[in-house]
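Subject: Structure handover

Hello,

Here is the structure for you to take over.

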Amino acid sequence: MLAGPWCTQILADLGADVVKVERPGAGDDTRHWGPPFLKDADGNDTSQASYFTACNRNKRSVTIDMATPQGQQLIRQMAQQADVLVENFKVGGLQQYGLDHESLRALNPRLIYCSVTGFGQNGPYAERAGYDLMVQAMTGLMSITGRADDAPGGGPLRVGVAVIDLFTGLYASNAILAALHVRDNATTGTGQGQHIDMALLDVGMAVLANQAAGFLATGDAPGRMGNSHPSLAPYQDFPTQDGNMLLAIGNDGQFQRFCAAAGQPQWATDPRYATNTLRVKHRADLIPAMEAVTRTRTTADWIALLEDKAVPCGPINTVAQAFDDPQVQARGLAVTLPRWGDGPAPDGVQHITGVASPLRLSATPPVLRNAPPALGQHTNEVLAELGADAAQIARWRAAGVV
């Protein structure tokens with residue numbers, strides 16, 4: 001629901017013409033995953049969930065019923081002209097429609113066909129449906145997220161966004177760009193497409209990163225540590241006079257500068273705290289001592305004190321506070337895009353605000369052209385590109401094909 005659309009939004013931002021094929025009448029499931037919902041011009045809720053808009057910018061929406069023979073034929077025509085097809089059906093789900101990799105590869109050998117599933121194309125779980133939350137649990141990510149069992153509020157937690165879906169979308173877009181390069185490289189290109197098998201499970205295991213590396217090196221499974229870091233100290237949240245702040249001290253020099261600024265220079269030479277490894281070993285002594293000191297100033301005072309000393313320190317913002325942050329605003333990370341032309345919006349939603357692409361290329365930056373589309377907004381336009389005239393499109397609409 002998110003991994004495939006996230007992948008294709010990245011490609012759309014980089015200039016690809018992405019056509020999203022949806023079910024007539026219903027569309028993508030995430031169009032209905034609300035609240036929250038988009039607002040109309042008068043500030044009232046519409047029936048359109050905001051979730052969909054997070055991952056469908058710069059795309060065109062076409063509604064085609066692929067359960068009909070004519071619908072299948074239309075998608076085959078699109079695949080014959082396409083460079084890339086991304087699908088996130090269960091394994092084998094498209095074979096009955098003749099839209100699987102082998103069938104479409106026979107029509108277009110240059111086609112790069114990316115399948116996004118929960119568990120991959122083979123193995124005992126291959127036919128299972130997969131969702132981000134399930135994979136966060138299965139891969140052990142939830143076992144290292146949250147406070148320790150013996151702490152207040154302890155227990156496994158999911159990450160606050162569907163991080164496995166998002167990482168899968170990122171990996172998939174990288175794989176697609178690599179496959180395009182392999183196909184089209186001027187000197188070594190094969191001229192051929194290939195099948196990309198992306199699995200949430202594989203990505204979930206891969207992004208365990210240092211936690212997986214630690215387990216594979218020692219055989220010891222890591223546990224939950226709240227906001228602390230298994231290999232760094234002090235690297236966590238600290239209480240202040242008016243709330244909390246985050247200190248991310250990653251080396252001995254930063255720790256020494258913090259100690260001097262905090263009026264505790266003796267910590268830097270204490271044999272328990274002189275190196276990061278020692279601080280990790282003696283964190284049970286160090287952290288309470290630091291907390292007693294951090295409570296003596298406000299969060300803003302700490303940030304002002306440490307900012308020019310190269311000690312990473314920051315507030316723990318809400319999402320609203322993050323969008324109000326002057327650096328976020330300076331980078332232009334909230335962008336309002338048009339959904340329709342100059343006329344009134346047929347669905348009541350004229351513009352949509354979303355988060356800008358984080359990709360900053362000096363010569364070919366992403367171009368944010370259009371807001372996420374309304375359901376079927378571009379059906380006539382795309383079918384006309386396939387050679388259909390208005391009368392034919394009207395007949396397909398009457399028959400429920402589109």
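**What was found**

Residues 24 or more positions apart make up 65% of the contacts in the chain that have a separation of 6 or more. Keep in mind that this is a predicted model.

**Overall**

The chain has 402 residues, and 40% of them count as buried. It holds 16 helices and 12 strands. The C-alpha trace spans about 85 × 50 × 45 Å along its principal axes.

**The second largest pocket**

I looked at the second largest pocket, which has a volume of about 980 Å³. It is lined by 35 residues. Closest to its centre are Trp6, Gln9, Ala54, Leu166 and Val355.

Which elements each supply at least two residues of the lining? They are helix 1 (3-13), helix 5 (163-184), strand 11 (334-338) and strand 12 (351-355). Helix 5 gives the largest share, with 5 residues.

By class, the lining has 23 nonpolar residues, 9 polar and 3 charged.

Strands in a sheet pair through backbone hydrogen bonds, and the pairing is either parallel or antiparallel.

Strand 5 is joined to strand 6 (residues 112-117) by 4 bridges. For Val84, the bridge partner in strand 6 is Ile112.

**Backbone points to check**

Most residues other than glycine have a negative phi, and most peptide bonds are trans. Please look at the following places in the model.

- Pro35 and Pro36 are joined by a cis peptide bond, with omega about 0 degrees. Pro36 sits in the loop between strand 1 (18-22) and strand 2 (37-39).
- The bond from Ala233 to Pro234 is also cis, with omega near 0 degrees. Pro234 is in the loop between helix 7 (209-218) and strand 8 (235-240).
- Asn58 is not a glycine, yet its phi is positive, near 65 degrees. Asn58 lies in the loop between strand 3 (45-49) and strand 4 (59-63). Asn58 counts as buried because its relative accessibility is 5%, and the cut-off for buried is under 20%.
- Ala310 has a positive phi too, about 55 degrees, and is not a glycine. Ala310 is in the loop between helix 12 (299-307) and strand 10 (313-315). Its relative accessibility is 48%, so Ala310 counts as partly exposed.

**Arg257**

Arg257 is in helix 8 (residues 252-261). Which residues is Arg257 in contact with, leaving aside neighbours within four places in sequence? They are Lys309, Ala310 and Val311. Ala310 is the residue with the positive phi listed above.

Arg257 has 34% relative accessibility, so it counts as partly exposed. Arg257 and Ala209 are 48 residues apart in sequence. In space, their C-alpha atoms are 29 Å apart.

**Ser357**

Ser357 lies in the loop between strand 12 and helix 15 (379-385). Strand 12 is one of the elements named for the pocket lining.

Is Ser357 buried or exposed? Ser357 counts as buried, because its relative accessibility is 8%. Not counting residues up to four places away in sequence, Ser357 touches Asp13, Arg57, Pro366 and Leu368. Ser357 and Lys59 are 298 residues apart along the chain, with 14 Å between their C-alpha atoms.

**Where to start**

I would open the pocket view with Trp6, Gln9, Ala54, Leu166 and Val355 shown. Then go to the two cis bonds, at Pro35 to Pro36 and at Ala233 to Pro234. After that, look at the positive phi values of Asn58 and Ala310.

Best wishes

How values were computed:
Residues are numbered from 1 along each chain as its sequence is written. This is a predicted model: local features need pLDDT of at least 70, side-chain atom pairs count only at pLDDT 80 or more; totals for chains, interfaces and linings use all residues. Side-chain values use heavy atoms; hydrogens and water are left out. On a 1 Å grid over the protein atoms alone, a cavity is a set of points where a 1.4 Å probe fits but cannot get out, and a pocket is an open set with protein on both sides within 12 Å along at least five of seven lines; lining residues have an atom within 4 Å of a point. Grid points are joined across faces, edges and corners, and a volume is the space filled by probe spheres set on the points. Ala, Val, Leu, Ile, Met, Phe, Trp, Tyr, Cys and Pro count as nonpolar, Asp, Glu, Lys and Arg as charged, and the others, Gly among them, as polar. Two strands pair if DSSP finds at least two bridges between them. Buried means under 20% relative accessible area, exposed over 50%, partly exposed in between (1.4 Å probe, protein chains only). Contact means heavy atoms within 4.5 Å.
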